[in-house]
Amino acid sequence: METFGARLHRAVAERGPLCVGIDPHPGLLARWGLPDDIDGLERFSRTVVEALGDRVAVVKPQSAFFERFGARGVGILESTIRQLRESGALVLLDVKRGDIGSTVAAYASAYLDPAAPLYVDAVTASPYLGVGALAPMFELAAAHGGGVFVLALTSNPEGASVQRARTADGRTVAQTVIDEISQLNAGAQPLGSFGLVVGATVGETGHDLSRVNGPLLAPGLGAQGATAADLRLVFGPSLPSVLPSYSREVLGAGPDPAALRAAAERVLADCRAVLAD
């Protein structure tokens, strides 16, 4: 069984270091001339898959924008995931789940068990009930070659009051998360399967990412204000592990598939130029 870290390493080598979100929020649907309903959701998602599924290394559907339409929206999410996997893209489902005990185990089963309808390559997770509480996710991911991206330093300004708070040993909360994920990835080759989410807008972090040995998902690029050049300041010597993530910067070019592909190629070129340094 190939690990998620190995599949991601190969996908980035073949397709380039880029993650593109599928975030069908009302404003984007309107911009595309689509109705804010189940038909608009389906047409939006299908277009993104057809335009980018066979080109982008990682595609990141935001579950909430599908869930808001109820069961039919979740059905479209299932179909979108299946189409993306068939096109060769790795699917990172942005769900930011986090809980304890049997509940987090159920979340793990929902997304990381190959028998589940919403099975994906990796998920995002929140560690603020304790990184250890996510153990069922880590265990099921390891058992089936999946990945987990844990929030560490997020792009939203409200996050700093929690993430940069100091623990009893003097480390920030974020650094404790970073260190625990680093331990999970110790010795993995060519890349660990457990990643961190570090926003591209956070500036110089003052945190040590050097031992993570796993992917560093960098949202906040494009519409949220960060540029590819900002990755140097945020990640420094850890740049080789960065997976830049764009959503509206690419999706706003739609609905023309050729324009979507051109937008993805443009931001990928920007990221290659920075990460090559």
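The second largest pocket of this predicted model is lined by 13 residues, and among these His9, Val12, Pro240, Ser241 and Val242 are the ones that lie nearest its centre. The space in this second largest pocket comes to about 230 Å³. Two elements, helix α1 (4–15) and strand β8, each supply at least two residues of the lining, and the element that gives the most is α1, with 4 residues. If the lining of the second largest pocket is sorted by class, 11 residues are nonpolar and 2 are polar, while no charged residues are found there.

By class, the lining of the largest pocket divides into 8 nonpolar, 11 polar and 5 charged residues.

Most residues other than glycine have a negative phi. Lys96, however, has a positive phi of about 50 degrees, although it is not a glycine.

Between Gln189 and Pro190 the peptide bond is cis, with an omega of about -5 degrees, and Pro190 lies in the loop between α9 (173–185) and β6 (194–198). A cis peptide bond also joins Gly254 and Pro255, where omega is about 10 degrees; Pro255 is found in the loop between α11 (248–251) and α12 (257–275).

Helix α3, which covers residues 38–52, packs with helix α5, which covers residues 71–87, at an angle of about 10 degrees, and their axes are 10 Å apart. Because angles under 35 degrees count as roughly parallel, α3 is roughly parallel to α5. On the side of α3, the contact is made by Ile38, Leu41, Glu42, Ser45, Arg46 and Val49, and on the side of α5 by Arg72, Gly73, Ile76, Thr80, Gln83 and Leu84. The residues of this contact divide into 5 nonpolar, 4 polar and 3 charged.

The last topic is the aromatic rings. A pair of aromatic rings is described by the distance of the centres and the angle of the planes. The structure holds 3 aromatic pairs, and one of them is formed by Phe4 and Phe149, whose rings are 6.0 Å apart from centre to centre, with 85 degrees between the planes, an arrangement that is edge-to-face. Phe4 lies in helix α1, whereas Phe149 lies in strand β5 (residues 147–153), and therefore the pair ties together parts that are 145 residues apart in sequence.

Methods
Residues numbered from 1 in each chain as written. Predicted model: local features only at pLDDT ≥ 70, side-chain atom pairs only at ≥ 80, totals over all residues. Heavy atoms only, no water. Axes fitted to C-alpha atoms, helices over the stretch in contact; angles between N-to-C directions. Parallel < 35°, antiparallel > 145°, perpendicular 65-115°, else oblique. Contact = heavy atoms within 4.5 Å. Nonpolar A, V, L, I, M, F, W, Y, C, P; charged D, E, K, R; others polar. 1 Å grid on protein atoms, 1.4 Å probe; cavity = no way out; pocket = protein on both sides within 12 Å on 5 of 7 lines; lining within 4 Å. Points joined across faces, edges and corners; volume = space filled by probe spheres on them. Phe/Tyr/Trp six-rings, centres within 6.5 Å; stacked < 30°, edge-to-face > 60°.
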